[in-house]
Amino acid sequence: MSVVAFQPSRLQILFALVLAVCATPVAFGAPFLWLVYLVPIAVVVWTLRTRTVVDAEAVTVRTLLAGRRVPWSQISSLRLADKGRVHAVLNDGAELPLPAVGVRDLPQLAAASGGRLADPAGDQ
């Protein structure tokens, strides 16, 4: 059984560290400006927590504040949204965004689904 995890690039942590260094002169400029450090901390937490894990039984989506596991039987199709993002369309018509999954990841998603999704790059 194949399990695939889609995660944001860890390079975003480097961006957050550079942002924190650049924010240091501002942070000590006045009282309460140290709160500017919450932005890089939020970026790091979001990068480490957000992911989509796909296996033959279910799709597990984890965002900054919540997580949800949806069995393949509740997913009717996938929808390609703006900017190459992918959403799972559930049987009741609701959509579940799949964080860190893009159009380029569809062959991996199909392989990890255990045959529940057709490989878009497969033979016709």
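**Exercise 1.** Among contacts in the protein chain between residues at least 6 apart in sequence, what percentage join residues at least 24 apart?

*Solution.* Before starting, keep in mind that this model is predicted. Take the contacts between residues at least 6 apart in sequence; of these, 41% join residues at least 24 apart.

**Exercise 2.** List the helices and strands of the chain in order, starting from the N terminus.

*Solution.* 
- Step 1: count the elements. The protein chain has three helices and seven strands.
- Step 2: Reading from the N terminus gives β-α-α-β-β-β-β-β-β-α.

**Exercise 3.** Compare the radius of gyration of the protein chain with the value for a compact globule of 124 residues.

*Solution.* 
- Step 1: take the reference. For a compact globule of 124 residues, the radius of gyration would be near 14 Å.
- Step 2: take the value for this model. The protein chain has 18 Å instead.
- Step 3: look at the spans. Along the principal axes, the C-alpha trace covers about 60 × 30 × 30 Å.

**Exercise 4.** Is Thr-52 buried or exposed, and what does its side chain reach?

*Solution.* 
- Step 1: locate the residue. Thr-52 belongs to strand 2.
- Step 2: apply the cut-off. Buried means under 20% relative accessible area, so Thr-52, at 0%, is buried.
- Step 3: follow the side chain. The side chain of Thr-52 reaches the backbone oxygen of Pro-99 at 2.7 Å.
- Step 4: look at the surroundings. Leaving aside neighbours within four places in sequence, the contacts of Thr-52 include Val-4, Phe-6, Val-61, Leu-98 and Val-101.

**Exercise 5.** Find the salt bridges, and say which parts of the chain each one links.

*Solution.* 
- Step 1: count. There are two salt bridges.
- Step 2: examine one pair. Arg-69 and Asp-55 meet through their side chains at 3.7 Å, N to O. This pair links distant parts of the chain, with Arg-69 in strand 4 and Asp-55 in the loop between strand 2 and strand 3, 14 residues apart. Asp-55 counts as buried, at 10% relative accessibility.
- Step 3: examine the other pair. The side chains of Glu-95 and Arg-79 meet at 2.7 Å, N to O. Glu-95 is partly exposed at 38%, and Arg-79 is partly exposed at 35%.

**Exercise 6.** Which residues make the nonpolar surface patch of about 950 Å²?

*Solution.* 
- Step 1: name the members. The patch is made by Phe-32, Trp-34, Leu-35, Leu-38, Ile-41, Val-45, Trp-46, Leu-64 and Leu-65.
- Step 2: look at one of them. Trp-46 sits in helix 2 and is partly exposed, with a relative accessible area of 35%.

**Exercise 7.** Where is Arg-104, and how far is its C-alpha from that of Val-86?

*Solution.* 
- Step 1: locate the residue. Arg-104 is in the loop between strand 7 and helix 3.
- Step 2: check its accessibility. Exposed means over 50% relative accessible area, so Arg-104, at 69%, is exposed.
- Step 3: read off the separation. Arg-104 and Val-86 are 18 residues apart in sequence and 10.0 Å apart in space, C-alpha to C-alpha.

Definitions and conventions: Residues numbered from 1 in each chain as written. Predicted model: local features only at pLDDT ≥ 70, side-chain atom pairs only at ≥ 80, totals over all residues. Heavy atoms only, no water. Patch = residues over 30% accessible without salt bridge, like charges linked within 9 Å, V, L, I, M, F, W, Y side chains within 5 Å. Areas by Shrake-Rupley, 256 points an atom, 1.4 Å probe, with all protein chains shown as cover. Salt bridge = Lys/Arg side-chain N within 4 Å of Asp/Glu carboxyl O. Helix = DSSP H or I, 4+ residues; strand = E, 2+ residues; numbered from the N terminus. Buried < 20%, exposed > 50% of the residue type's maximum accessible area, 1.4 Å probe, protein only. Rg over C-alpha atoms; globule rule 2.2 N^0.38 Å. Contact = heavy atoms within 4.5 Å. Polar contact = N/O pair within 3.5 Å; in protein donor to acceptor, adjacent residues only side chain to side chain.
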